[in-house]
Amino acid sequence: MASKIIYDRVFSGIQPSGRPHIGNYLGALRNWVRLQDQSKSAFYSVVDLHALTVPQDPVALKSSIHDVACVLLACGLDPKKSVIFPQSKVLEHTNLAWLIMCHTSSTGLNSMPQVKDKAKDTIPKMGLVTYPLLQAADILLYRASHVPVGKDQLPHMFLAKSIVTTLNHSLQTDLFVEPESIIEESACRVCDLKEPEKKMSKSALKDNACLYLDDTDDEILTKLKVATTDCHGIKLSYDPELRPGVSNLLTLHSAFSGMSYDEIIASSEGKNTIQFKREVADHIIEHVRPIRQRLEALRADQGYVDQIVTEGTERAQQEASDMWSKVRTLVGLP
Ligand code: TYM
C-alpha cells in the first residue's frame with residue numbers, strides 16, 4: 001500500500017564525527033526513513049562543515065563522511081526517494097550562512113547548546129558560535145517545510161524559525177519557508193548507558209556508554225549488562241528525574257519493541273534486573289543486526305556508495321543554485 005504524502009519538503013543533517021549511535025537512529029534516522037515515503041522530496045546531508053567546528057583529523061574525517069553515507073543507506077534510506085549528499089560539496093550553504101550572519105544579532109548565540117557542550121572551559125571559536133546560523137542556512141536553502149531531529153536540536157530549530165521571519169521581513173519577501181520540527185517523542189532523548197543523566201553521544205567518556213549501529217550482538221549484550229540502573233528496588237517505573245538509568249532502558253525497550261511503558265512494566269513483573277536487561281538487549285539486537293549486516297556490505301562497496309553520493313550532490317546542487325540565484329536577485333548581488 002502506498003504511504004500517504006503529508007509533507008512538502010523534508011531536510012535534515014547528521015555530523016560525520018564518529019560512528020552513528022542508537023540515539024541518532026531512534027531520535028532522527030528512523031524518522032528520516034519513514035519520512036522519505038511521506039514527503040514530496042527529502043534531502044539528507046552529511047554536515048561535514050559543522051564537524052569542522054571542533055578539531056578533526058583529516059584522514060578520519062574523510063573516511064567518516066563516506067561511512068555516514070553508508071550508515072544512512074544501511075538504516076533504510078532509498079536513493080530513489082532521498083537525496084544524500086555532503087554539505088561541503090554545495091557551497092551555497094556557506095553563502096546563505098553569511099547572509100544570515102549579516103541579518104542576525106549575536107545575542108544568545110553564546111548560550112546555544114553546541115557552545116555549552118563543546119567549549120566548556122575555553123573561549124569558543126567563531127565557527128562554534130555561528131554554528132546554528134549555518135544550520136539555519138542548511139534548512140532555508142532547500143525551503144524545507146519539515147525537519148526531523150532529536151530534542152537536543154530544538155534551540156537551533158527555534159532560532160532557524162526566527163531567522164525566517166527576520167529575513168522575510170527585512171528583504172520584503174516570502175521566499176524563506178518556516179520549518180517545523182518533527183520530533184520522535186518516544187525516543188527524542190536517548191541517554192548514556194553509564195551516566196544516564198546525559199544524552200547518548202559519540203563523545204561519551206566512559207566505556208560501554210554508547211551503543212553504536214555497528215556494534216556486534218555480544219557488544220550490545222555486554223553494554224546492556226553493565227548499564228547503570230539504581231537501587232530503588234526491582235520493580236520498574238518510568239521516572240527520568242529519579243530513575244534515569246531504568247527510564248532509559250524502558251525508552252530503549254519501548255522504542256524497539258513497540259510496547260508502551262505500562263505494558264513493559266506489567267510484563268516484567270517477577271523478573272530480575274539481569275533478565276530485564278537481557279530482554280532489552282534482545283530487542284535492540286534484533287533491530288540492529290540487519291542494519292549492521294547491510295552496513296558491512298555497503299562498506300565493502302565503495303563505488304556504489306560514491307555513485308549515490310555523486311548523484312545526490314548533483315540534485316542538491318540544482319536545488320541550492322536555484323534558491324541562491326533568487327536570493328542574489330533579492331539582495332542586489334550581480
Ligand atoms: P548530530 O550529528 O549531533 O545528530 C544527528 C541527529 O541525531 C539526533 N540525536 C539524538 N536523538 C536522540 N537521543 C540522542 N542521544 C541523540 N543524539 C543525537 C540529533 O538530534 C540529530 O537530529 N546540529 C545537528 C546537525 C545539523 C542539522 C542541520 C540537523 C546541521 N544542520 C539542519 C537538522 C537540520 C547535529 O549536530 O546533529
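# Questions on a predicted chain

User: In which loop is Arg 143 found?
Analyst: This is a predicted model, in which local features need pLDDT of at least 70 and side-chain atom pairs count only at pLDDT 80 or more, while totals for chains, interfaces and linings use all residues. Residues are numbered from 1 along each chain as its sequence is written, and side-chain values use heavy atoms, leaving out hydrogens and water. Helices (H or I, at least four residues) and strands (E, at least two) are DSSP runs numbered from the N terminus. On that numbering, Arg 143 is found in the loop between H6 and E4.

User: What is the phi of Arg 143, and is the residue buried or exposed, or partly exposed?
Analyst: Most residues other than glycine have a negative phi. Arg 143 is not a glycine, yet its phi is positive, at about 50°. Buried means under 20% relative accessible area, exposed means over 50%, and partly exposed lies in between (1.4 Å probe, protein chains only). With a relative accessible area of 36%, Arg 143 is partly exposed.

User: Where is Gln 172, and what is its relative accessibility?
Analyst: Gln 172 is another non-glycine residue with a positive phi, of about 50°. Its place is in the loop between H7 and strand E5 (180–183). Gln 172 counts as exposed because its relative accessibility is 70%.

User: Into which domains is the chain divided?
Analyst: Domain bounds come from an automatic or database domain assignment. The C-alpha centres of the two parts, domain 1 and domain 2, lie 31 Å apart. Contact (heavy atoms within 4.5 Å) links 11 residues of domain 1 with 11 residues of domain 2. The division is into domain 1 (7–188 + 301–331) and domain 2 (217–297).

User: Which residues touch the most other members of the largest nonpolar core?
Analyst: A nonpolar core is a set of buried Ala, Val, Leu, Ile, Met, Phe, Trp, Tyr and Cys residues joined through side-chain atoms within 4.5 Å. The largest one has 61 residues, and those touching the most other members are Ile 22, Leu 252 and Ile 284.

User: Which helix gives the most to this core?
Analyst: The core draws at least three residues from each of domain 1 and domain 2. The top contribution is 10 residues, and it comes from helix H3 (residues 58–75).

User: How many residues does the second core have?
Analyst: This core is separate, and its members include Val 83, Ile 100, Ala 136 and Ala 160. Its residue count is 40.

User: How much space lies in the largest pocket?
Analyst: On a 1 Å grid over the protein atoms alone, a pocket is an open set of points where a 1.4 Å probe fits, with protein on both sides within 12 Å along at least five of seven lines; lining residues have an atom within 4 Å of a point. Grid points are joined across faces, edges and corners, and a volume is the space filled by probe spheres set on the points. For the largest pocket this comes to about 1,400 Å³.

User: Which element supplies the largest share of the lining of that pocket?
Analyst: There are 49 lining residues, and the closest to the centre are Asp 117, Asp 152, Gln 153, Lys 199 and Ser 201. Elements that each supply at least two lining residues include strand E1 (7–14), helix H5 (113–118) and helix H7 (154–170). The largest share is 6 residues, and it comes from H1.

User: Which residues does Gly 150 contact beyond four places in sequence?
Analyst: Gly 150 sits in the loop between E4 and H7 and is buried, with a relative accessible area of 11%. Ile 183 is 33 residues away in sequence, but its C-alpha is 5.9 Å from that of Gly 150. The contacts of Gly 150 are Gly 27, Ile 183 and Cys 188.

User: How far apart are the C-alpha atoms of Glu 197 and Pro 240?
Analyst: Glu 197 lies in the loop between E5 and helix H8 (217–225). Glu 197 is exposed, as its relative accessible area is 54%. Along the chain it is 43 residues from Pro 240, and the C-alpha separation is 8.2 Å.
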